[in-house]
Amino acid sequence: MSIKQILDNNEKWVADRKAADPEFFNRLADGQKPKYLFIGCSDSRVPASAITGTGPGEMFVHRNIANMVVHTDFNMLSVLQYAVEVLGVEDILVVGHYGCGGVAAAAANKQYGLIDNWLTNIRDVIRVHEREFLRIKNEDERLRRLVELNVIEQVRNLAKTNIIQNARKTSKPPRLHGLVYDIKEGLLRDLQLNDEIGDLDHIYGTEAMKYAEEVFEEQPGFNPQADKGKRVSESEVMAAGSKDKEHKPHLQKTS
Ligand SMILES: [Zn+2]
């Protein structure tokens, strides 16, 4: 398709829209109040509006290779902050897709150049879920599961940002969702991550030290306030846990 064809398509689209709704563009020019933030892959087969049935003004969109939420990515963080704090989006969708080239490249154990630095973030997902990942013998199935695990970890990464941590202290924090799009079928699947995300405030929020005090309150000789920044050995954690049969593992919230 030539650029002329693209411009002709645009003119036809404007004419069709105006014919259906003469005020359509005037309304959009007044401002935006989208309810959704879509974080998806740059893959051309995963167009945010088309697969979600949303039109102009309904969805704020950020796309990158493999729908990543990387904490040093000022582009993503700026989009997230604006969407949450200014636009007040109600739902944030991290949308992965089966057949993702970025995810496949991360799992391929090859070097690709500059992009390897980006793919490292997906390799971190493999590291975290290595046992499950390596147990899947069929390569297609393994990559499909990695797409899902990547979405799960990117939703968790969202929950770790101070933008979401702060929003969770307000009366209407945005809901976080992980979805996977199947290019072959055109269907979106909700991974139902409510239980998977958990509550990460005790590690990434401002309550971390309070949580440490709860864990160690019965352990003589340990003062989290005085020992701020000191590394805690696994045996210390186990010793604290063994005193309380109700105590949950150290990466779970106590209440
Ligand atoms: Zn992709």
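Author: Let's start with a definition: two strands pair if DSSP finds at least two bridges between them. Keep in mind that this is a predicted model.

Reader: Happy to start there! Which residue in strand 4 is the bridge partner of L93?

Author: The partner of L93 is H177. The strands concerned, strand 3 (residues 91–97) and strand 4 (residues 175–182), are joined by seven bridges and pair in the parallel sense.

Reader: What is the order of the strands in the sheet?

Author: The open sheet has five strands in the order 2-1-3-4-5, and its pairing is mixed. At the edges are strand 2 (59–64) and strand 5 (187–190), each pairing on one side only. From one strand to the next, the twist averages 25 degrees.

Reader: Which strands does helix 4 touch?

Author: Helix 4 (residues 74–87) packs on the sheet, where it touches strand 1 (36–41) and strand 2. Its direction makes about 165 degrees with that of strand 2.

Reader: Now the inside, please. Which residues of the largest nonpolar core touch the most other members?

Author: Here is the general idea: in soluble globular proteins, nonpolar side chains tend to be buried together. In this model, the largest nonpolar core has 39 residues, and those touching the most other members are L37, F38, I39, L93, V94, V95 and L158. Helix 8 (139–160) is among the elements that supply at least two residues each, and the largest share, seven residues, comes from helix 8.

Reader: What does I39 touch?

Author: Leaving out residues up to four places away in sequence, I39 touches H62, N67, V69, I92, L93, V94 and V95.

Definitions and conventions. Residues are numbered from 1 along each chain as its sequence is written. This is a predicted model: local features need pLDDT of at least 70, side-chain atom pairs count only at pLDDT 80 or more; totals for chains, interfaces and linings use all residues. Helices (H or I, at least four residues) and strands (E, at least two) are DSSP runs, numbered from the N terminus. Axes are lines fitted to C-alpha atoms, for helices over the stretch in contact, and angles run from 0 to 180 degrees between N-to-C directions. Two residues are in contact if their C-beta atoms, placed from the backbone, lie within 7 Å. A nonpolar core is a set of buried Ala, Val, Leu, Ile, Met, Phe, Trp, Tyr and Cys residues joined through C-beta atoms within 7 Å. A residue is buried if 20 or more other C-beta atoms lie within 10 Å of its own, exposed if 12 or fewer, and partly exposed in between; C-beta atoms are placed from the backbone.
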